[in-house]
Amino acid sequence: MSLIEEYAEGEYERAPKRLKTSEVEEGEELEEGEDSDSASAGLLGDEEDDTGPGGQKRPRWSASKYGSGRKDNGDETHRIAPSPVVHVRGLCESVVEADLVEALEKFGNICYVMMMPFKRQALVEFEEVESADRCVACGSSEAVYIAGQQAYFNYSTSKRITRPTNADDPNSGNKVLLLSIQNPLYPITTDVLYTVCNPIGNVLRIVIFKRNGIQAMVEFESVQNAQKAKAALNGADIYAGCCTLKIEYARPSRLNVIRNDNDSWDYTKPFLVRRERGKGRQRQAILGEHPSSYSDNGYGSHCPLLPLPSNNRFKRSSHEVPDVVAYPLPQTSSYIGHSSSSVAMVSGLHPTKMNCTRIFNLFCLYGNVEKVKFMKSVPGTALVEMGDEYAVDRAITHLNSIKVFGKRLNVCVSKQHAVIPSQVFELEDGSSSYKDFAMTRNNRFTSAGQASKNIIQPPSCVLHFYNVPPCISEDDLLMLCKEHDVPGFIKFKVFDAKPSSKTISGLLEFDSKTHAVEVLTVLNHYQIRIPNGSNPYTLKLCFSTSSHL
């Protein structure tokens with residue numbers, strides 16, 4: 001096992017035990033953790049699938065060490081004894097510890113908060129169990145909002161949150177931080193993290209791992225530097241509107257780096273560099289100069305690291321840390337030497353309702369999709385070859401753990417670097433298990449101009465539709481949903497168009513995010529034919545930036 005995989009699986013005991021299968025056929029080798037039936041690996045409080053009557057899958061909260069034991073709909077699967085630790089879910093992506101403290105301290109003193117960034121969940125430990133009682137009781141009787149979004153509460157099965165060190169002592173802590181990077185639209189490398197973190201405190205080592213989303217551990221020279229970095233950077237964006245940092249103290253007290261490259265670096269041992277001559281970063285970059293790993297035309301205007309929101313409880317004086325840390329915004333994906341694969345592995349696919357085309361409809365929102373192939377030896381699992389590794393990173397960030405047709409997807413990086421059209425078979429819906437999308441006009445990132453028009457959004461309950469003929473009405477779209485056995489929308493809005501416009505666009509709001517995902521998966525790129533029309537219109541769907549209409 002590689003160094004990065006070791007850290008990825010060991011940190012906070014987040015990754016479940018890996019399952020091995022002897023049924024994987026040649027050419028469809030699974031990497032560790034790529035099991036079709038495994039739940040989303042990666043963070044505490046993962047939701048699992050449970051089998052209900054008739055063999056149907058139903059979601060439940062895992063009764064693990066930090067689980068809440070509560071279903072998605074709020075019904076208890078079993079009664080949990082009161083605990084001073086409360087499991088919070090339904091958080092927005094931008095929430096930080098300070099938001100939780102601000103919203104929940106009215107119930108009692110809070111002694112520790114642990115975030116679960118990619119799951120939009122958190123654990124909150126109160127000093128007294130009575131405070132947790134008040135929090136859970138209030139959350140069950142009325143809406144409690146955290147950072148503007150309603151959250152849900154239940155007791156945790158743990159009586160105390162395990163600290164990385166003696167974190168109860170404000171003068172102590174760990175000099176290693178765990179960084180979770182959300183919405184990583186641009187490359188995240190050791191160069192980027194070093195440039196972001198080193199101005200605050202001397203960085204010794206960095207390790208990046210990419211199992212479910214992008215995470216990294218950064219070791220500072222002292223505990224005080226780590227505390228300052230956490231206070232300054234937690235909740236900030238590396239680039240405007242993306243690459244958001246969520247920071248916790250890590251469990252290891254020291255990182256072991258065996259090589260210096262894009263995913264790991266020991267700044268105390270420059271001799272660990274093992275690269276081809278003329279490629280990669282030179283020593284001057286370690287001293288803080290401009291990293292040379294990008295191509296000459298790969299730089300744009302400088303974009304600052306956004307300062308921490310003003311409601312953060314960790315205040316700092318101006319002489320402790322800089323207000324912003326500038327870093328150049330990459331304009332192309334021409335990064336040299338990136339070691340990640342451009343192939344994603346997705347498991348948990350519905351056996352009868354998912355096929356290659358529907359996978360394309362969903363994944364094309366985050367990058368070009370080249371090929372899709374279902375694995376014969378692992379039912380419900382497919383390989384998706386995308387245009388580059390950054391498209392895979394975006395797909396993992398936004399699609400991992402979402403529910404589609406009652407099943408939760410697990411999206412991760414595959415160790416295969418290309419999809420080979422071998423062992424093609426017929427899926428249950430009669431379509432082929434392999435399809436090549438390299439030449440389709442429905443890919444949305446084929447040029448820089450086209451890619452710039454796409455707004456990368458996580459799944460939401462509002463869809464943006466466009467390229468629809470003006471003669472199509474609200475009733476026509478509702479009938480289209482009914483004909484394809486997908487949920488109908490509850491609100492409809494058409495944008496004003498020029499009289500000469502040949503198409504219309506607008507928004508569709510659904511009851512839930514899951515409903516919107518299913519409609520997009522089925523109807524994205526649907527061919528709308530009109531009477532006496534020569535060519536059909538291709539219905540285009542994407543997730544909207546609006547949360548409601």
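What follows moves from the whole chain to a sheet and its helix, and then to some single residues.

This is a predicted model, in which local features need pLDDT of at least 70 and side-chain atom pairs count only at pLDDT 80 or more, while totals for chains, interfaces and linings use all residues. Residues are numbered from 1 along each chain as its sequence is written, and side-chain values use heavy atoms, with hydrogens and water left out.

## The whole chain

The protein chain has 11 helices and 28 strands; helices (H or I, at least four residues) and strands (E, at least two) are DSSP runs, numbered from the N terminus. Of its 549 residues, 54% count as buried. Here buried means under 20% relative accessible area, exposed means over 50%, and partly exposed lies in between, using a 1.4 Å probe and protein chains only. The accessible surface of the chain comes to about 24400 Å², and carbon and sulfur atoms hold 48% of that; such areas come from the Shrake-Rupley method with a 1.4 Å probe, and for residues only the protein chains shown count as cover.

How many of the contacts between residues at least 6 apart in sequence join residues at least 24 apart? The share is 71%, where contact means heavy atoms within 4.5 Å.

## A sheet of four strands

Let us turn to an open sheet of 4 strands, which has the order β24-β25-β23-β28 and antiparallel pairing. Two strands pair if DSSP finds at least two bridges between them. β24 (491-494) and β28 stand at the edges with a single partner strand each, so one side of each has no neighbour in the sheet. From one strand to the next, the twist averages 20°. β24 is joined to β25 (residues 504-509) by 4 bridges, and the two run antiparallel. Lys491 has Glu509 in β25 as its bridge partner.

## The helix lying across it

α11 lies across β23 and β28, and runs at about 150° to β28. For such angles, axes are lines fitted to C-alpha atoms, for helices over the stretch in contact, and angles run from 0 to 180 degrees between N-to-C directions.

Is α11 mostly covered or mostly open? This helix (residues 513-523) is mostly covered, as 8 of its 11 residues are buried. Among the buried residues are Ala516, Glu518 and Leu523.

## Aromatic rings

A search of the whole structure finds 6 aromatic pairs. Rings of Phe, Tyr and Trp (its six-membered ring) pair if their centres lie within 6.5 Å; planes under 30 degrees apart count as stacked, over 60 as edge-to-face and the rest as tilted. One of these pairs is Phe489 with Phe510, edge-to-face at 6.3 Å centre to centre and with 85° between the planes. This pair links distant parts of the chain, since Phe489 is in the loop between α10 and β24 and Phe510 in the loop between β25 and α11, 21 residues apart. Both Phe489 and Phe510 are buried. Ring pairs also link Phe465, Phe489, Phe492 and Phe510 into a cluster.

## Side chains that reach the backbone

Asn260 sits in the loop between β12 (242-249) and β13 (264-266), and is buried at a relative accessible area of 2%. Ser544 lies in the segment after β28 and counts as buried because its relative accessibility is 6%. Residues that Ser544 touches include Gln457, His464 and Leu507.

The table lists their polar contacts, pairs of N or O atoms within 3.5 Å; within protein, one must be able to donate a hydrogen and the other to accept it, and residues adjacent in sequence count only if both atoms are side-chain atoms.

| Side chain | Backbone atom | Distance |
|---|---|---|
| Asn260 | nitrogen of Asp266 | 2.8 Å |
| Asn260 | oxygen of Lys269 | 3.0 Å |
| Ser544 | nitrogen of Ser546 | 2.9 Å |

## Positive phi values

Most residues other than glycine have a negative phi. Phe405, although not a glycine, has a positive phi of about 55°. Phe405 is in the loop between β19 and β20 (407-408) and is buried, with a relative accessible area of 12%. Gln423 has a positive phi near 55°, and at 27% relative accessibility Gln423 counts as partly exposed. Just after α11, His525 takes a positive phi of about 70°.

Technical notes
Lists of a residue's contacts leave out its neighbours within four places in sequence.
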